[in-house]
Amino acid sequence: MTENQTNDIDSVLFAKYLVAKANAENVDMNLTKLMKLMYICYGVYLAVCQRRLLNERPQAWPYGPVFANARQVMKDVIFYSITEDAAQTLVGNEELNSLIASVFKVFGDWTASELTAWSHSENSPWQKTIHKIGFSFGDVMSDNLVYEYFSTMLSRPKQTEFAAVPAMVEAPIK
């Protein structure tokens, strides 16, 4: 896994897409939960495709991984006003939509607090990042740490939260 393999999906557009999906499925969403769901999608995509999902990398903030640009834009947005029309760019990407649906299936009902606690778990990329010498909140989380963590989670789904989505392991996104 290299640190410079990326995708061209704008993090703000992706954030709006997740909010629109949450609205369409009556899933509660706030800014903290949005950041964690973006992070999980990013990590799963990185593990499966071996490249970044977004044009932005997660940073380690006090409440877990954050996509700073997307957060800056979305913090003033009224979430319930976002409809699926707001993110039409991703509509044709069935593989990505399948990944997002899988993430929502497992984590969609989790609260922001539960997702934050999960992102802070022992040996998580966030925890490893904040314990590095010279760390400051806002430091970018290493793609290698994220890749290793999510690859491990997906390789042993029966022991992790990913037990409900074995298809993500059996049918990787190409």
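1. Ground rules before anything else: contact here means heavy atoms within 4.5 Å. This is a predicted model, where local features need pLDDT of at least 70 and side-chain atom pairs count only at pLDDT 80 or more, while totals for chains, interfaces and linings use all residues. Residues are numbered from 1 along each chain as its sequence is written, and side-chain values use heavy atoms, with hydrogens and water left out.

2. Gln59 is a handy place to start. Leaving out residues up to four places away in sequence, Gln59 touches Gly64, Pro65, Val66 and Ala68, and also Gly138, Asp139, Val140 and Met141. Gln59 sits in strand S1; strands are DSSP runs of E, at least two residues, and helices are runs of H or I, at least four residues, both numbered from the N terminus. With a relative accessible area of 18%, Gln59 is buried (buried is under 20% relative accessible area, exposed over 50%, partly exposed in between, using a 1.4 Å probe and protein chains only). The side chain of Gln59 also makes a polar contact of 2.9 Å with that of Trp61. For a polar contact, read a pair of N or O atoms within 3.5 Å; within protein, one must be able to donate a hydrogen and the other to accept it, and residues adjacent in sequence count only if both atoms are side-chain atoms.

3. On the overall layout: the protein chain has 8 helices and 2 strands, in the order α-α-β-β-α-α-α-α-α-α from the N terminus. Of its 174 residues, 49% are buried. Among contacts with a separation of 6 or more, 75% come from residues 24 or more positions apart.

4. H2 deserves a look. Of its 19 residues, 18 are buried, so H2 is largely enclosed by the rest of the structure. Its length checks out too: at 1.5 Å a residue H2 should span 27 Å, and its end C-alpha atoms are 26 Å apart, which agrees (the expected span is 1.5 Å times one less than the number of residues). At the start of H2, a side-chain oxygen of Asn30 comes within 3.1 Å of the backbone nitrogen of Thr32. Just after the helix, Gln50 takes a positive phi of about 60 degrees.

5. Now the core. A nonpolar core is a set of buried Ala, Val, Leu, Ile, Met, Phe, Trp, Tyr and Cys residues joined through side-chain atoms within 4.5 Å. The largest one has 53 residues, and those with the most contacts inside it are Phe14, Leu34 and Met38. Helices H1 (11-24), H2, H3 (68-74), H4 (94-107), H5 (112-119) and H7 each give two or more residues to this core, with H2 giving the most, at 15 residues. Setting aside neighbours within four places in sequence, Met38 is in contact with Ser11, Phe14, Ala15, Leu18, Leu54, Phe67 and Ala70.

6. The 13 residues of H7 should span 18 Å at 1.5 Å a residue, and its end C-alpha atoms are 18 Å apart, which agrees. Its buried residues are Asp143, Leu145, Val146, Tyr147, Tyr149, Phe150, Met153 and Leu154. At the start of H7, a side-chain oxygen of Ser142 reaches to within 3.1 Å of the backbone nitrogen of Asn144.

7. How many salt bridges are there? The count comes to 4, a salt bridge being a side-chain nitrogen of Lys or Arg within 4 Å of a carboxyl oxygen of Asp or Glu. Arg52 and Asp143 pair at 2.4 Å, N to O. This pair links distant parts of the chain, 91 residues apart: Arg52 lies in the loop between H2 (31-49) and S1 (59-61), and Asp143 in H7 (residues 143-155). Both Arg52 and Asp143 are buried.

8. Two other pairs for the list. Lys21 and Glu25 form a salt bridge at 2.4 Å, N to O; Lys21 is buried at 15% relative accessibility, whereas Glu25 is partly exposed at 41%. Asp76 bridges to Lys75, with the closest N and O atoms 3.8 Å apart. Salt bridges that share partners also join Arg52, Arg57 and Asp143 into one network.

9. Lastly, the cysteines. The model has 0 disulfides, a disulfide being a pair of cysteine sulfur atoms within 2.5 Å. Cys41 is buried at 0% relative accessibility, and Cys49 is buried at 13%.
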